[in-house]
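Hello,

Here is the structure I said I would pass on. My notes on what was found in it follow below.

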Number of protein chains: 4
Amino acid sequence: MLTITRLDIDDAGKLIAGARAKAQEIGVPMCIAVTDESGNLIAFERMDGGKITSINLAIDKSFTATGIQKGTDALGEANQPGMAAHGISSTLGGRMVTVAGGLPVSFDGQVVGGIGVSSGSPAQDLEVAQAGVSALCEVELGRV
Amino acid sequence: MLTITRLDIDDAGKLIAGARAKAQEIGVPMCIAVTDESGNLIAFERMDGGKITSINLAIDKSFTATGIQKGTDALGEANQPGMAAHGISSTLGGRMVTVAGGLPVSFDGQVVGGIGVSSGSPAQDLEVAQAGVSALCEVELGRV
Amino acid sequence: MLTITRLDIDDAGKLIAGARAKAQEIGVPMCIAVTDESGNLIAFERMDGGKITSINLAIDKSFTATGIQKGTDALGEANQPGMAAHGISSTLGGRMVTVAGGLPVSFDGQVVGGIGVSSGSPAQDLEVAQAGVSALCEVELGRV
Amino acid sequence: MLTITRLDIDDAGKLIAGARAKAQEIGVPMCIAVTDESGNLIAFERMDGGKITSINLAIDKSFTATGIQKGTDALGEANQPGMAAHGISSTLGGRMVTVAGGLPVSFDGQVVGGIGVSSGSPAQDLEVAQAGVSALCEVELGRV
């Protein structure tokens, strides 16, 4: 048997609250999703004004970052023309997102879940996701 | 042009809080989803212990109830063999749920969104969804 | 944070070996899948002669049993006409399987994964799945 | 009538064992899939620590390599901007994978199946897939 550490619903609430606060600060209503370490959704919030196309984008960004144990922005670089993972964005029925805004959440060096943000520019989505991770970790971004 | 009345994120929070309180009271951790009047997800929460197969079931129950403007339990009756809507459960790629636990949310006689609950028995899911609606409406179930 | 117990790859191998032995004993080549407690595939084997339509059926039976924390045969009863969960077989894009042959695997009272078997009759699939669970648990079936 | 030569479950076991040994040697837990010459899954193993986003990636890499009768890395080159197959990565619902790590398995000049590996870098995935093929063939990579 394996012993796994996973975000609980309170952790998810802190991630979302931290992301929401940053989204309000920059004035961009966001869709914010939190998945557990297995990629299954724990919590989701679409702020008033968040984009409908961003609902599943946020969920899938969180799923992707949790799975690859890196930010989706890193996968975006690897997906560029000429790069070895070019074309990976179409895999898994398109759930593999290569646009910034998804981050893994780590605890004691293990990925325990992820957060995904969408509705702004990729840079804004990433900034808001980082604010969520920071709110939980209070110390560092927890990126692998 | 149409003017639409729709649940906002605060309303969604009240619906989820009411459902969560009932779920805690009956001791069944639930997946709880809230959609707007267009069937798009506003908020979701998987209580610690909520079932992974219930994540999309809760979302789809809320989507279904919002769309049909009735509880999913009513659709369940219409889906029984011999009934006119028998087989409707397979439509929309299986998103049309015919199991109790999804309810529309009404305001001034208009459907403004929905709530979907899953992880317990159909009766428990419905009870928890009703508690969510009651918490928002404070007066009645708001079922169409 | 939550602490989760999960099947490891060695556990999965024992489940499959136990199921395979029973399949050989009854002379029915089977597809056998093992998922973790989050419904994600750990291991799969299609015995020579296993049916191609049973590949995803076995995987989805294991996913379903893991998620609902019951055998898929129990869901099959609840899915019968007149029952409260009639129509649930079409949910989750059809991944919710209501045919016998999927069982959760429990350890210390917690669901730690699942096993799904397909290619024989539902009764044979269930018998083979039970043999897998017994091989791991050596004591009881571990059904919730 | 056609007579088809196809990997059996023992061959699949050798492919997976060879790949697993290499994965352990380089210290990267992998998802490893083996498909038959028709692209249908024979066997799958997610080593402890293999990535959840790599489960279907490994299966789809094996499916792709079996189907195109070339390594997925070759398709990756053909998928680059300016190349004739650019955009092929989105076909088949995204199952056509253009990232290294999938290889066909040949016997007597015929493709008899495939192997797909995922969780590391594309180069690591390919190295591990090649080790699987080598373990079965004992002589050469069997690439078409």
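This is a predicted model. Eight strands form an open sheet with antiparallel pairing, in the order 4(C)-5(C)-2(C)-3(C)-2(D)-1(D)-4(D)-3(D). At its edges stand strand 4 (102-107) of chain C and strand 3 (102-107) of chain D; each has a single partner strand, so one side of each is left without a neighbour in the sheet. From one strand to the next, the twist averages 20°.

The two chains meet where strand 3 (residues 41-46) of chain C runs antiparallel to strand 2 (residues 41-46) of chain D, joined by three bridges. One pairing to look at is C:A43, whose bridge partner in strand 2 of chain D is D:E45.

Two helices of chain C pack on the sheet. Helix 1 (residues 9-26) touches strands 2 (31-36), 3, 4 and 5 (110-118) of chain C as well as strand 2 of chain D, and its direction makes about 30° with that of strand 3 of chain C. Helix 4 (residues 122-137) touches strand 4 and strand 5 of chain C, at about 15° to the direction of strand 4.

Next, the interface of chain C with chain B. Here 22 residues of chain C are in contact with 18 residues of chain B. The buried area is about 1,500 Å², with carbon and sulfur atoms giving 63% of that. C:H86, C:S90 and C:L92 supply 32% of the area that chain C buries there, more than any other three residues. Helix 2 (residues 54-68) of chain C gives the most to the chain C side, with four residues. By class, that side has ten nonpolar, eleven polar and one charged residues.

Regards

How values were computed:
Residues numbered from 1 in each chain as written. Chains lettered and ligands numbered in written order. Predicted model: local features only at pLDDT ≥ 70, side-chain atom pairs only at ≥ 80, totals over all residues. Heavy atoms only, no water. Contact = heavy atoms within 4.5 Å. Buried area = accessible area lost by both parts, 1.4 Å probe. Nonpolar A, V, L, I, M, F, W, Y, C, P; charged D, E, K, R; others polar. Pairing = 2+ DSSP bridges. Axes fitted to C-alpha atoms, helices over the stretch in contact; angles between N-to-C directions.
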